[in-house]
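Let's take a walk through this structure together. Have a look at the whole thing before we get into the details.

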Amino acid sequence: MRKYIILTYGCQMNESDSLRMGSELHKLGYEPTTELAEAQVILINTCSVRESAENKIYGKIGEVKHLKAANPELIFGVTGCMAQKEGEKLLKRAPHIDFVLGTNKIHELADIILELSNHPQHIVALAPADGGEPEEVAPPSLENAKSVWLPIMYGCNNFCTYCIVPYVRGREHSRKEADILAEAAAYAKQGVKEITLLGQNVNSYGKNLSGTSFPELLAKLDAISGLERVRYMTSHPRDFSDELISVIAQSKHICSHFHLPLQHASNKLLRKMNRGYTLERYLELVKKVRQAVPEAVITTDLIVGFPGETEEDQAVMLDALREIRYDAAYTFIYSPRSGTPAATMEEQVPQEVKKARLQALMDVQNDISLEKNQAYVGKTVRVMVEGPSKNNPEIYTGRTDGNKLVLWPYRGQEQVGDFLPVKIEKAQTWLLKGIIDDEGK
Ligand code: SAH
Ligand code: SF4
Ligand code: F3S
């Protein structure tokens, strides 16, 4: 049996693309493996968002070199955002790569593999700079999955000044509403319980279509019978409308998790980042969300060390964290991406300063995250079972409606996709621990 392996870096969009590429390979008769050395097709699906990600990926690309030397029939492709960004240059740097496949090009994968099986050569297939028209690719095969990704839009038009994504993913492009609803309904029919809608900026869904919008799409998905949970990411705080909040508040199945990337709390930096909101407007949004959905779990992304960031800006950030009290924050050190406006801005912050600020930020936020989680101790939460934990098959994991990770000792009956009451006994910064609550709701 011929085998394939796909190594995936980056965001959920890449995870989703990898599953779809896996399905395409499956149709060609390949089976998945988890061993690089066993594979006849190796794909690395890449991310360019930070330099650290790219460096890791270059290391992996290097590792494949000896496998390729040992097995000339091995087909090795680099796909995703770095592929789109670097194109030809990747082949120059690493000639053992057979093909480079850019974003929005997944539909060409099968033909390229066939072509390469017949005539070994180098192939570079990239989307035009604006991303072009992404083509529909058949949804991945499910194999009893209970939770699936569902892309609703591709690309991004926001051009935050630090971010490479609009350059590698092209212009915003929404999928047709009917296609999304049909895909979701088909999933529900096959036993899927949870879908996560994907897009770089989901709340601008529908802008290139007529007669639909993100709130309308959510309301229609909420009504599909069988789907217990609808999640979405990522939403931009600037476009988070009152209508959207009210649709979520009134829905039965749209989860009460709000990921609202703040990036920074200093208005001067928000402006330089081109985020399109002020801290005051953002705080107003958080207030509205909490009023409409009292149990809301709110998380964020933060960047430290953006050009021009001062100690004062950092103090504003720490104060904002104490005021907002996020459930969790994903914190990043600013990484200059060539081709983006911020990379050439003056007053770049030295790496040592960035590191110290990141640590200070994490210290403040970790205490808050822990306190937020401690508030769950003694309460019973409804979790959807995800399966055994990585390190211990006797400990099972699941998630709450608000996307909190919960661990409990396996009872012997619980199956992936079941909903269970778990009584929380212990809280940590990133997770909750409990036991199945027999009297639970
Ligand atoms: N479209 C999403 C996420 C994009 S990338 C959104 O707008 O929220 C995920 C996160 O990576 C961003 O929210 C940001 O915090 C971080 N990020 C993006 N570019 C970065 C850069 N150049 N350096 C450091 N962090 C970055
Ligand atoms: Fe990047 Fe901003 Fe688009 Fe998110 S919204 S992908 S941070 S440009
Ligand atoms: Fe990375 Fe591309 Fe996603 S740059 S974060 S994999 S859109």
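**A tour of the chain**

Of the 441 residues in this chain, 54% count as buried. Keep in mind as you look around that this is a predicted model. The chain holds 13 helices and 19 strands. Its radius of gyration is 22 Å, close to the 22 Å that the globule rule gives for 441 residues, so the chain is as compact as a globular protein of that length. Along the principal axes, the C-alpha atoms fill a box of roughly 60 × 60 × 45 Å. Take the contacts between residues at least 6 apart in sequence: 72% of them join residues at least 24 apart.

Now find the open sheet of 6 strands, which pair in parallel in the order S2-S1-S3-S4-S5-S6. Strand S2 (31-32) and strand S6 (123-125) stand at the edges with a single partner strand each, so one side of each has no neighbour in the sheet. Further in, strand S3 (residues 41-46) runs parallel to strand S4 (residues 75-80), and 6 bridges join the two. One pair to look for there is threonine 46 with its bridge partner in S4, glycine 80.

Helix H2 (residues 51-70) lies across S1, S3 and S4, at about 170 degrees to S3.

On to the charged side chains: the whole structure has 26 salt bridges. In one of them, lysine 105 meets glutamate 108, with the closest N and O atoms 2.8 Å apart. Lysine 105 is buried, at 15% relative accessible area, while glutamate 108 counts as partly exposed at 25%.

Another salt bridge joins glutamate 386 to arginine 399, with 3.3 Å between the closest N and O atoms. This pair links distant parts of the chain, 13 residues apart: glutamate 386 sits in strand S15 (residues 380-388) and arginine 399 in strand S16 (residues 395-399).

Arginine 411 also forms a salt bridge, with aspartate 438, at 2.9 Å between the closest N and O atoms. Arginine 411 lies in the loop between strand S17 (405-409) and strand S18 (419-427), and aspartate 438 in the segment after strand S19 (432-436), so the pair ties together parts 27 residues apart in sequence. Arginine 411 is partly exposed, at 44%, and aspartate 438 is exposed, at 61%.

Finally, look for a network of salt bridges linking Glu54, Lys85, Glu86, Lys89 and Arg337.

Methods
Residues are numbered from 1 along each chain as its sequence is written. Chains are lettered from A and ligands numbered from 1 in the order in which they are written. This is a predicted model: local features need pLDDT of at least 70, side-chain atom pairs count only at pLDDT 80 or more; totals for chains, interfaces and linings use all residues. Side-chain values use heavy atoms; hydrogens and water are left out. Two strands pair if DSSP finds at least two bridges between them. Helices (H or I, at least four residues) and strands (E, at least two) are DSSP runs, numbered from the N terminus. Contact means heavy atoms within 4.5 Å. Axes are lines fitted to C-alpha atoms, for helices over the stretch in contact, and angles run from 0 to 180 degrees between N-to-C directions. The radius of gyration is taken over C-alpha atoms; the globule rule is 2.2 Å times the number of residues to the power 0.38. Buried means under 20% relative accessible area, exposed over 50%, partly exposed in between (1.4 Å probe, protein chains only). A salt bridge is a side-chain nitrogen of Lys or Arg within 4 Å of a carboxyl oxygen of Asp or Glu.
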